[in-house]
Amino acid sequence: MKKRIYSGTQPTGIITIGNYLGAIKNWLLLQKDNDCIFSIVDLHALTIKQNPEEFKDKSLSFLAQYIACGLSPEKSILYVQSHVLEHTALCWLLNCMTYIGECNRMTQFKDKSKKHEDNINMGLMDYPVLMAADILLYKTDLVPIGIDQKQHLELARNLAERFNARYGDTFTVPDGFIPTVGAKIKSLQNPESKMSKSDSNENASVGILDTPDMILKKFKRAVTDSENKVCYDENRPGISNLINIYCGFTGCSREDVEKQFSDGGYGKFKLAVADAVISVLEPIQKEYAKIMNDKKYLLNVIKEGDEKARNIASKTLREVYDKMGIV
Ligand code: TYM
(Lines give C-alpha, C1' and ligand atoms only; values in the text may rest on other atoms or scores of the structure.)
Protein backbone atom coordinates (compact mmCIF):
# COMPACT_ATOMS: atom_id res chain seq x y z
CA MET A 1 0.00 0.00 0.00
CA LYS A 2 1.38 3.37 -1.01
CA LYS A 3 1.83 5.85 1.80
CA ARG A 4 1.59 9.63 1.62
CA ILE A 5 5.00 11.12 2.46
CA TYR A 6 5.60 14.80 3.20
CA SER A 7 8.77 16.69 4.08
CA GLY A 8 10.56 19.94 3.36
CA THR A 9 13.63 22.10 3.85
CA GLN A 10 13.98 25.81 4.56
CA PRO A 11 15.77 27.56 1.69
CA THR A 12 18.43 29.20 3.86
CA GLY A 13 22.20 28.85 3.90
CA ILE A 14 23.41 25.68 2.23
CA ILE A 15 22.05 22.14 2.07
CA THR A 16 24.49 20.24 4.28
CA ILE A 17 25.45 16.59 4.50
CA GLY A 18 23.39 16.69 7.74
CA ASN A 19 20.26 17.52 5.73
CA TYR A 20 21.27 14.90 3.19
CA LEU A 21 21.77 12.05 5.67
CA GLY A 22 19.00 13.09 8.06
CA ALA A 23 16.30 13.73 5.49
CA ILE A 24 17.01 13.72 1.74
CA LYS A 25 18.55 10.23 1.63
CA ASN A 26 15.32 8.84 3.07
CA TRP A 27 13.22 10.94 0.70
CA LEU A 28 15.01 9.15 -2.14
CA LEU A 29 14.34 5.78 -0.58
CA LEU A 30 10.65 6.51 0.03
CA GLN A 31 10.14 8.10 -3.38
CA LYS A 32 10.48 4.67 -5.05
CA ASP A 33 7.21 3.18 -3.79
CA ASN A 34 5.17 5.97 -2.26
CA ASP A 35 3.15 9.03 -2.95
CA CYS A 36 5.62 11.78 -2.03
CA ILE A 37 5.42 15.54 -1.62
CA PHE A 38 8.58 17.57 -0.98
CA SER A 39 8.41 21.28 -0.39
CA ILE A 40 10.70 24.25 -0.17
CA VAL A 41 9.39 25.86 3.00
CA ASP A 42 10.18 29.50 2.33
CA LEU A 43 7.63 30.85 4.84
CA HIS A 44 9.42 29.04 7.63
CA ALA A 45 12.71 30.61 6.53
CA LEU A 46 11.22 34.09 7.00
CA THR A 47 11.04 33.61 10.76
CA ILE A 48 14.71 34.68 10.59
CA LYS A 49 15.68 37.92 8.79
CA GLN A 50 16.51 37.21 5.15
CA ASN A 51 18.12 39.44 2.55
CA PRO A 52 15.45 39.70 -0.22
CA GLU A 53 18.03 39.73 -3.04
CA GLU A 54 19.69 36.53 -1.84
CA PHE A 55 16.42 34.91 -0.76
CA LYS A 56 14.92 35.31 -4.23
CA ASP A 57 17.44 32.89 -5.75
CA LYS A 58 17.42 30.36 -2.93
CA SER A 59 14.22 28.50 -3.77
CA LEU A 60 15.30 27.76 -7.35
CA SER A 61 18.73 26.66 -6.20
CA PHE A 62 17.22 24.38 -3.55
CA LEU A 63 14.84 22.88 -6.09
CA ALA A 64 17.78 22.21 -8.44
CA GLN A 65 19.63 20.54 -5.56
CA TYR A 66 16.58 18.36 -4.77
CA ILE A 67 16.45 17.21 -8.40
CA ALA A 68 20.22 16.75 -8.65
CA CYS A 69 20.08 14.50 -5.57
CA GLY A 70 17.58 12.29 -7.40
CA LEU A 71 14.14 13.61 -6.49
CA SER A 72 12.01 13.34 -9.57
CA PRO A 73 9.25 15.81 -10.53
CA GLU A 74 7.64 12.94 -12.47
CA LYS A 75 7.41 10.68 -9.42
CA SER A 76 6.95 13.21 -6.63
CA ILE A 77 5.36 16.61 -6.14
CA LEU A 78 8.06 19.28 -5.73
CA TYR A 79 6.71 22.72 -4.90
CA VAL A 80 7.13 25.99 -2.99
CA GLN A 81 5.18 26.36 0.28
CA SER A 82 4.28 30.06 -0.09
CA HIS A 83 2.66 29.39 -3.48
CA VAL A 84 -0.07 27.30 -1.84
CA LEU A 85 -2.05 29.71 0.32
CA GLU A 86 -3.89 26.89 2.08
CA HIS A 87 -0.84 26.45 4.35
CA THR A 88 -1.29 29.79 6.08
CA ALA A 89 -5.07 29.39 6.21
CA LEU A 90 -4.84 26.05 7.98
CA CYS A 91 -2.08 27.41 10.19
CA TRP A 92 -4.48 30.07 11.48
CA LEU A 93 -7.19 27.53 12.23
CA LEU A 94 -4.69 25.31 14.06
CA ASN A 95 -3.38 28.36 15.94
CA CYS A 96 -6.82 28.69 17.46
CA MET A 97 -6.46 25.27 19.01
CA THR A 98 -2.78 25.34 19.99
CA TYR A 99 -1.90 26.39 23.53
CA ILE A 100 0.81 29.00 24.00
CA GLY A 101 2.59 26.68 26.44
CA GLU A 102 2.93 24.07 23.71
CA CYS A 103 4.91 26.47 21.50
CA ASN A 104 6.76 28.08 24.36
CA ARG A 105 8.42 24.85 25.42
CA MET A 106 9.73 23.90 21.96
CA THR A 107 13.50 23.40 22.17
CA GLN A 108 14.10 24.95 18.77
CA PHE A 109 12.08 28.06 19.72
CA LYS A 110 14.19 28.47 22.86
CA ASP A 111 17.46 27.95 20.94
CA LYS A 112 16.53 30.33 18.13
CA SER A 113 15.27 32.96 20.61
CA LYS A 114 18.67 32.91 22.26
CA LYS A 115 20.46 33.13 18.92
CA HIS A 116 18.27 35.94 17.52
CA GLU A 117 17.56 37.96 20.64
CA ASP A 118 16.70 41.07 18.63
CA ASN A 119 14.04 39.29 16.57
CA ILE A 120 11.92 36.95 18.70
CA ASN A 121 8.89 37.32 16.46
CA MET A 122 5.45 35.68 16.47
CA GLY A 123 6.41 33.60 13.43
CA LEU A 124 9.30 32.04 15.30
CA MET A 125 6.95 30.88 18.01
CA ASP A 126 4.29 29.80 15.51
CA TYR A 127 6.81 27.89 13.40
CA PRO A 128 5.74 24.41 14.60
CA VAL A 129 2.07 25.16 13.96
CA LEU A 130 2.82 26.11 10.35
CA MET A 131 4.80 22.89 10.10
CA ALA A 132 1.78 20.97 11.45
CA ALA A 133 -0.38 22.67 8.80
CA ASP A 134 2.10 21.58 6.08
CA ILE A 135 1.91 17.98 7.20
CA LEU A 136 -1.81 17.72 7.97
CA LEU A 137 -3.01 19.46 4.77
CA TYR A 138 -1.80 16.48 2.76
CA LYS A 139 -3.12 13.79 5.16
CA THR A 140 0.44 12.59 5.52
CA ASP A 141 1.25 9.10 6.82
CA LEU A 142 5.03 9.45 7.16
CA VAL A 143 7.36 12.41 7.70
CA PRO A 144 11.05 11.70 6.95
CA ILE A 145 13.07 14.11 9.14
CA GLY A 146 16.15 14.37 11.32
CA ILE A 147 15.77 14.02 15.08
CA ASP A 148 15.75 17.81 15.63
CA GLN A 149 12.24 17.96 14.12
CA LYS A 150 10.78 15.19 16.28
CA GLN A 151 9.27 17.57 18.86
CA HIS A 152 7.58 19.56 16.08
CA LEU A 153 6.15 16.37 14.62
CA GLU A 154 4.76 15.47 18.06
CA LEU A 155 2.80 18.73 18.01
CA ALA A 156 1.42 17.90 14.55
CA ARG A 157 0.27 14.53 15.90
CA ASN A 158 -1.35 16.14 18.94
CA LEU A 159 -3.14 18.74 16.82
CA ALA A 160 -4.44 16.08 14.43
CA GLU A 161 -5.82 14.07 17.36
CA ARG A 162 -7.27 17.18 19.02
CA PHE A 163 -9.00 18.29 15.83
CA ASN A 164 -10.36 14.80 15.12
CA ALA A 165 -11.69 14.49 18.67
CA ARG A 166 -13.38 17.90 18.50
CA TYR A 167 -14.76 17.90 14.93
CA GLY A 168 -14.76 14.27 13.78
CA ASP A 169 -12.25 12.19 11.90
CA THR A 170 -10.45 14.48 9.42
CA PHE A 171 -6.67 14.34 9.67
CA THR A 172 -4.31 11.39 9.43
CA VAL A 173 -2.08 11.20 12.51
CA PRO A 174 1.43 11.22 10.95
CA ASP A 175 4.38 9.07 11.98
CA GLY A 176 8.02 10.17 11.86
CA PHE A 177 10.61 8.40 9.73
CA ILE A 178 13.95 9.07 11.40
CA PRO A 179 17.13 7.29 10.28
CA THR A 180 19.15 5.19 12.74
CA VAL A 181 22.45 6.50 11.37
CA GLY A 182 22.45 10.18 10.41
CA ALA A 183 19.51 11.40 12.53
CA LYS A 184 21.73 14.10 13.99
CA ILE A 185 24.98 14.87 12.20
CA LYS A 186 27.14 17.13 14.35
CA SER A 187 29.24 20.18 13.57
CA LEU A 188 32.81 19.30 12.48
CA GLN A 189 34.16 22.09 14.68
CA ASN A 190 31.97 21.57 17.73
CA PRO A 191 30.78 17.96 17.72
CA GLU A 192 28.58 18.61 20.76
CA SER A 193 26.14 20.55 18.59
CA LYS A 194 24.17 19.92 15.38
CA MET A 195 25.66 20.61 11.95
CA SER A 196 23.66 23.60 10.80
CA LYS A 197 22.87 25.13 7.41
CA SER A 198 23.68 28.62 8.59
CA ASP A 199 26.77 28.14 10.77
CA SER A 200 29.01 31.20 10.50
CA ASN A 201 32.12 28.99 10.86
CA GLU A 202 32.44 27.57 7.37
CA ASN A 203 34.62 24.68 8.54
CA ALA A 204 31.78 23.45 10.75
CA SER A 205 29.50 22.14 8.01
CA VAL A 206 29.94 20.43 4.66
CA GLY A 207 27.58 21.59 1.92
CA ILE A 208 26.45 19.18 -0.78
CA LEU A 209 27.81 21.69 -3.33
CA ASP A 210 31.23 22.07 -1.67
CA THR A 211 34.15 21.33 -4.02
CA PRO A 212 36.23 18.17 -3.37
CA ASP A 213 39.09 20.38 -2.11
CA MET A 214 36.86 22.13 0.39
CA ILE A 215 35.43 18.83 1.59
CA LEU A 216 38.89 17.33 2.09
CA LYS A 217 40.09 20.42 3.95
CA LYS A 218 37.06 20.47 6.25
CA PHE A 219 37.39 16.79 7.19
CA LYS A 220 41.15 17.14 7.76
CA ARG A 221 40.39 19.97 10.20
CA ALA A 222 37.51 18.17 11.93
CA VAL A 223 37.78 18.31 15.72
CA THR A 224 38.36 14.89 17.32
CA ASP A 225 40.23 13.89 20.50
CA SER A 226 43.68 12.68 21.48
CA GLU A 227 42.95 8.92 21.59
CA ASN A 228 43.58 8.44 17.87
CA LYS A 229 41.59 5.17 17.82
CA VAL A 230 38.72 4.79 15.32
CA CYS A 231 36.07 3.52 17.68
CA TYR A 232 32.41 4.58 18.19
CA ASP A 233 31.87 5.99 21.66
CA GLU A 234 29.18 8.47 22.78
CA ASN A 235 31.78 10.11 25.01
CA ARG A 236 33.96 10.89 22.00
CA PRO A 237 31.53 12.85 19.83
CA GLY A 238 34.07 13.99 17.20
CA ILE A 239 35.19 10.57 16.00
CA SER A 240 31.69 9.10 16.50
CA ASN A 241 30.27 11.80 14.22
CA LEU A 242 32.86 10.99 11.53
CA ILE A 243 31.98 7.30 11.81
CA ASN A 244 28.28 8.15 11.38
CA ILE A 245 29.04 10.24 8.31
CA TYR A 246 31.16 7.44 6.82
CA CYS A 247 28.41 4.87 7.50
CA GLY A 248 25.73 7.17 6.04
CA PHE A 249 27.64 7.65 2.81
CA THR A 250 28.92 4.08 2.34
CA GLY A 251 26.24 1.89 3.93
CA CYS A 252 28.89 0.24 6.18
CA SER A 253 28.03 -0.64 9.77
CA ARG A 254 29.90 0.91 12.71
CA GLU A 255 31.50 -2.48 13.46
CA ASP A 256 32.76 -2.74 9.84
CA VAL A 257 34.35 0.69 10.14
CA GLU A 258 36.04 -0.10 13.44
CA LYS A 259 37.48 -3.31 11.99
CA GLN A 260 38.51 -1.75 8.69
CA PHE A 261 40.35 1.18 10.33
CA SER A 262 41.62 -0.57 13.47
CA ASP A 263 45.29 -0.16 12.59
CA GLY A 264 45.24 3.41 11.29
CA GLY A 265 44.87 6.65 13.22
CA TYR A 266 42.43 9.51 12.70
CA GLY A 267 44.44 11.01 9.81
CA LYS A 268 43.90 8.03 7.51
CA PHE A 269 40.23 7.72 8.50
CA LYS A 270 39.51 11.42 7.87
CA LEU A 271 40.80 10.99 4.29
CA ALA A 272 38.55 7.95 3.82
CA VAL A 273 35.50 9.88 5.09
CA ALA A 274 36.26 12.75 2.70
CA ASP A 275 36.63 10.26 -0.19
CA ALA A 276 33.32 8.57 0.60
CA VAL A 277 31.49 11.91 0.77
CA ILE A 278 33.10 13.26 -2.41
CA SER A 279 32.26 10.17 -4.44
CA VAL A 280 28.54 10.54 -3.63
CA LEU A 281 28.45 14.33 -4.02
CA GLU A 282 30.47 14.74 -7.25
CA PRO A 283 27.77 13.36 -9.60
CA ILE A 284 25.13 15.42 -7.73
CA GLN A 285 27.18 18.57 -8.32
CA LYS A 286 27.55 17.85 -12.05
CA GLU A 287 23.80 17.35 -12.34
CA TYR A 288 23.14 20.53 -10.33
CA ALA A 289 25.29 22.63 -12.69
CA LYS A 290 23.31 21.30 -15.67
CA ILE A 291 19.88 21.88 -14.11
CA MET A 292 20.70 25.37 -12.85
CA ASN A 293 21.43 26.35 -16.44
CA ASP A 294 17.83 25.64 -17.39
CA LYS A 295 15.72 28.16 -15.44
CA LYS A 296 12.75 27.58 -17.73
CA TYR A 297 12.66 23.91 -16.78
CA LEU A 298 12.91 24.72 -13.06
CA LEU A 299 10.12 27.30 -13.21
CA ASN A 300 7.97 24.80 -15.03
CA VAL A 301 8.60 22.12 -12.38
CA ILE A 302 7.51 24.59 -9.70
CA LYS A 303 4.39 25.61 -11.63
CA GLU A 304 3.28 22.00 -12.07
CA GLY A 305 4.21 21.04 -8.51
CA ASP A 306 2.34 24.03 -7.06
CA GLU A 307 -0.77 23.07 -8.98
CA LYS A 308 -0.72 19.44 -7.87
CA ALA A 309 -0.10 20.45 -4.24
CA ARG A 310 -2.86 23.08 -4.35
CA ASN A 311 -5.31 20.49 -5.63
CA ILE A 312 -4.82 18.25 -2.61
CA ALA A 313 -4.50 21.09 -0.08
CA SER A 314 -7.65 22.90 -1.17
CA LYS A 315 -9.76 19.75 -0.75
CA THR A 316 -8.53 19.25 2.81
CA LEU A 317 -9.05 22.91 3.68
CA ARG A 318 -12.63 22.81 2.36
CA GLU A 319 -13.30 19.77 4.51
CA VAL A 320 -11.82 21.53 7.55
CA TYR A 321 -13.89 24.69 6.96
CA ASP A 322 -16.96 22.54 6.68
CA LYS A 323 -16.26 20.62 9.89
CA MET A 324 -15.60 23.87 11.78
CA GLY A 325 -18.81 25.44 10.54
CA ILE A 326 -17.29 28.06 8.26
CA VAL A 327 -19.80 28.85 5.50
P1 TYM B 1 15.53 22.25 8.05
O2 TYM B 1 15.48 23.06 6.83
O3 TYM B 1 16.21 22.80 9.25
O4 TYM B 1 16.22 20.85 7.76
C5 TYM B 1 15.78 20.00 6.73
C6 TYM B 1 15.84 18.55 7.17
O7 TYM B 1 17.18 18.19 7.53
C8 TYM B 1 17.20 17.63 8.84
N9 TYM B 1 18.46 18.04 9.49
C10 TYM B 1 19.39 17.21 9.95
N11 TYM B 1 19.44 15.87 10.00
C12 TYM B 1 20.54 15.30 10.54
N13 TYM B 1 21.58 16.02 11.02
C14 TYM B 1 21.58 17.37 10.99
N15 TYM B 1 22.59 18.07 11.46
C16 TYM B 1 20.44 18.02 10.44
N17 TYM B 1 20.11 19.32 10.25
C18 TYM B 1 18.89 19.31 9.66
C19 TYM B 1 15.99 18.22 9.54
O20 TYM B 1 15.58 17.41 10.61
C21 TYM B 1 14.98 18.27 8.42
O22 TYM B 1 14.35 17.03 8.26
N23 TYM B 1 11.05 22.58 10.12
C24 TYM B 1 11.78 21.91 9.09
C25 TYM B 1 11.21 22.10 7.71
C26 TYM B 1 9.75 21.78 7.57
C27 TYM B 1 9.20 20.48 7.50
C28 TYM B 1 7.80 20.67 7.33
C29 TYM B 1 9.75 19.20 7.57
C30 TYM B 1 8.74 22.67 7.47
N31 TYM B 1 7.55 22.01 7.31
C32 TYM B 1 6.94 19.59 7.24
C33 TYM B 1 8.87 18.13 7.46
C34 TYM B 1 7.49 18.33 7.30
C35 TYM B 1 13.19 22.45 9.09
O36 TYM B 1 13.46 23.51 9.54
O37 TYM B 1 14.08 21.72 8.42
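1. Start with N228, which sits in the loop between α9 (212-220) and α10. Its phi is positive, about 60°, although N228 is not a glycine. For background, most residues other than glycine have a negative phi. N228 counts as partly exposed because its relative accessible area is 43% (buried means under 20%, exposed over 50%, partly exposed in between, with a 1.4 Å probe and protein chains only). Helices and strands here are DSSP runs, H or I of at least four residues for helices and E of at least two for strands, numbered from the N terminus.

2. A word on what you're looking at: this is a predicted model, where local features need pLDDT of at least 70, side-chain atom pairs count only at pLDDT 80 or more, and totals for chains, interfaces and linings use all residues. Residues are numbered from 1 along each chain as its sequence is written, and side-chain values use heavy atoms, with hydrogens and water left out.

3. K139 is another non-glycine residue with a positive phi, about 50°. K139 lies in the loop between α7 and β4 (142-144). With a relative accessible area of 26%, K139 is partly exposed.

4. Now the ligand. It is surrounded by 27 residues, and the closest are Q10, Y127, D134, D148 and K197 (a residue is near a molecule if one of its heavy atoms lies within 4 Å of it). β1 (4-9), α1 (17-31) and α7 (122-137) each give the shell at least two residues. By class, the shell has 11 nonpolar, 11 polar and five charged residues. The classes run like this: Ala, Val, Leu, Ile, Met, Phe, Trp, Tyr, Cys and Pro are nonpolar, Asp, Glu, Lys and Arg are charged, and the others, Gly among them, are polar.

5. Which polar contacts are worth a look? Take Y127, where an N or O atom of the side chain is 2.4 Å from an oxygen atom of the ligand. For D148, a polar side-chain atom also lies 2.4 Å from a ligand oxygen, and for K197 the distance from a polar side-chain atom to a ligand oxygen is 2.6 Å. The protein covers 97% of the 710 Å² of accessible area that the ligand has on its own (areas come from the Shrake-Rupley method with a 1.4 Å probe; for residues, only the protein chains shown count as cover). A polar contact here is a pair of N or O atoms within 3.5 Å; within protein, one must be able to donate a hydrogen and the other to accept it, and residues adjacent in sequence count only if both atoms are side-chain atoms.

6. Y127 turns up again in the largest cavity, whose lining is Q108, F109, K112, L124, Y127, P128 and H152. A search of the whole structure finds one cavity of 30 Å³ or more, and the largest cavity holds about 50 Å³ of space. α6 (107-115) and α7 each supply at least two of the lining residues. That lining has four nonpolar, two polar and one charged residues. On terms: on a 1 Å grid over the protein atoms alone, a cavity is a set of points where a 1.4 Å probe fits but cannot get out, a pocket is an open set with protein on both sides within 12 Å along at least five of seven lines, and lining residues have an atom within 4 Å of a point. Grid points are joined across faces, edges and corners, and a volume is the space filled by probe spheres set on the points.

7. The second largest pocket has about 270 Å³ of space. Among its 13 lining residues, K184, K186, Y232, E234 and N244 are the closest to its centre. Helix α10 (residues 237-250) gives the largest share of the lining, four residues. The lining splits into four nonpolar, five polar and four charged residues.

8. Two residues to check for burial: P11, in the loop between β1 and α1, is buried because its relative accessibility is 0%. E86 lies in helix α4 (residues 86-95), and at 14% relative accessibility E86 is buried too. From E86 to D134 is 48 residues in sequence and 9.0 Å in space, C-alpha to C-alpha.

9. Last, helix α13 (residues 295-324), where R318 is found. Is R318 buried or exposed? R318 counts as exposed, at 56% relative accessibility. L317 is also in helix α13, but L317 is buried, with a relative accessible area of 9%.
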